[in-house]
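Subject: Structure for you to look at

Hi,

Here is the structure I promised. Please open it and keep it beside this email while you read.

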Amino acid sequence: MMTSNTHANLVLRNFIAGEWIASVSGEVAADINPAATGEVVAETPLSVRADVDRAIAAAAAAQRRWRDTPAPARAAVVSRAADVLAGRVDDVASDLTREEGKTIGEAKAEATSAIAKMAYAAGDALRMAGETLPSGTEGVQLYTMREPLGVVAVVTPWNFPLSTPAGKLAAALVTGSTVVLKPASLTPLSAVRLVEAFVAAGIPAGVLNLVMGGGGTIGSALVSDPRVRGISFTGSTAIGVGVARDAAPTLAKLQLELGGKNPLVVMEDADLDAAAKAIVEGAFFSCGQKCTATSRVIVHRDVKAALTAKLVERTTALRVGKGLDAANHLGPLVDAKQLETVQSYIEIGKKEGARLLTGGERLSSGEHAHGYFMRPAIFDDVQSEMRIACEEIFGPVLSLIGVASLEEAIETANRTEYGLSSAIFTRNLGYAQEFTRCIQAGVVKVNGQTPGNAPNMPFGGRKMSGLGISQKQIDFFTELKSVYQRFN
Ligand code: NAP
């Protein structure tokens, strides 16, 4: 078992070479409930470089054997882990809500998404295909084969602490790669719950390793180690750029899934009720802490007043409170720093001349007394150059920008350094096609909200929102070998 109960708190341990062990540092940090800050959900190790070194060594030692394990057997482990998780959804979701804050409904949906990603990856184990190609030389056969990358590092954020690592781990493992996972410091318990499912499924020692601790120390040590041949990183653009720099000397294969400033365009012919629902859910659910959250609504002036009224009405009706209370729509922000950052953007927006229509205030009395709660905010009269329209806020703050045409809407939508998700609401096929063609984003939704991705669709961003996105996740965790075979 990786956990033991001391003073009613869980004590988490790293998982290295098939064993749950404490960090060599002996240091621990508290995993705090952001909805009830007096509650320590767990104690988590503050690992150091030596722990990372052991984890990488274990992954390297297990690599050959795992690579040579037949693909159906690798797939079976991942599939069993998905089944184990499916049997534990309620407990895992409750832990997730307690350490991250999202509502219990969202936590269950995330667990379900994690299971779907694992099940999809398990199927892909048997689709690791190469190609045969016509040869220019008689007696020589040409073909390509896909091979596992080897030891891979998976570094993940706190906002989807279960589903993000689940998809990456499953895809890496089915290819025959071995993994060292470094989860976000704010959400170690969800990572432990995920690894426990793989352990229960019979993952061999060393194939999957988990090291917990600070990104600046162990994350950096992990991604710069020459034994690591692939890095799948999800997190902020600033840290992602640093990871790319750290990984450059080893030329490890890199996948970066980074920040967003996602636009949703509403044209004059749109179904405004459907648009308002999608905007409010896309902007504010998970407290706006989604890389794909809607943060800019770019609306045709003919319908701006009508849409704005619907948005304000829906937003003021949202209930903010503890995520474990199923009646609430928004939980707290994840920690004090995140709350402070988002609150500072409320002030920045006001100073820049945007008009705060609703929300933005911190909630700190009654049931909100011991958590990082705030009311979701809508700014009107936002200009594209304002910081609230350009920078990722990562909280429940929405900007409204009026435009006069589709052309202006697309130009406005593309005017940030990001390019992750996007959406348009319209009944005009021509508008939809033009938007789809011209928007600089990795994901486009027509008459749908900006968040949400299917397990069998590629997911990733353009520009400063990411790189290394492939048709299938298993493509990232493999590399091609070109074979020229003379057989006579
Ligand atoms: P973050 O601060 O960039 O951290 C992400 C991960 O990187 C964490 O595990 C972090 O560890 C680690 N890390 C920190 N410094 C590191 C370093 N120098 N070297 C290697 N690893 C390091 O992001 P976050 O605050 O957890 O998550 C929010 C961000 O993630 C937002 O920008 C959001 O848009 C983005 N995101 C993107 C996607 C996507 O698919 N495009 C999905 C979800 C989230 P610590 O926790 O210990 O600092």
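Start with helix α1 (residues 49-68) and helix α7 (residues 215-223): their axes come within 9 Å. They cross at roughly 35°. Keep in mind that this is a predicted model. Why quote both an angle and a distance? Two packed helices are described by the angle between their axes and the distance between the axes. The crossing of α1 and α7 is right-handed.

Which residues make the contact? From α1 they are Arg-49, Val-52 and Ile-56. From α7 they are Ile-218, Ala-221 and Leu-222. Sort these residues by class and you get five nonpolar, one charged and no polar.

Now move to the ligand. Helix α7 turns up again here, as it gives the most to the shell around the ligand: four residues. Strand β12 (228-234) and helix α8 (237-247) each supply at least two residues of that shell, and so does α7.

How many residues surround the ligand? There are 29. The closest are Thr-156, Ser-185, Ser-236, Leu-258 and Glu-392. By class, the shell has 13 nonpolar residues, 13 polar ones and three charged ones.

Next, look at the oxygen atoms of the ligand.

- Trp-158: a polar side-chain atom lies 2.9 Å from a ligand oxygen atom.
- Gly-213: a backbone N or O atom lies 3.4 Å from a ligand oxygen atom.
- Gly-215: a backbone N or O atom lies 2.8 Å from a ligand oxygen atom.

How much of the ligand does the protein bury? Taken alone, the ligand exposes 900 Å². The protein buries 86% of that.

Best wishes

Definitions and conventions. Residues numbered from 1 in each chain as written. Predicted model: local features only at pLDDT ≥ 70, side-chain atom pairs only at ≥ 80, totals over all residues. Heavy atoms only, no water. Axes fitted to C-alpha atoms, helices over the stretch in contact; angles between N-to-C directions. Left-handed = near helix turned anticlockwise from the far one by under 90°. Contact = heavy atoms within 4.5 Å. Nonpolar A, V, L, I, M, F, W, Y, C, P; charged D, E, K, R; others polar. Near = heavy atom within 4 Å. Polar contact = N/O pair within 3.5 Å; in protein donor to acceptor, adjacent residues only side chain to side chain. Areas by Shrake-Rupley, 256 points an atom, 1.4 Å probe, with all protein chains shown as cover.
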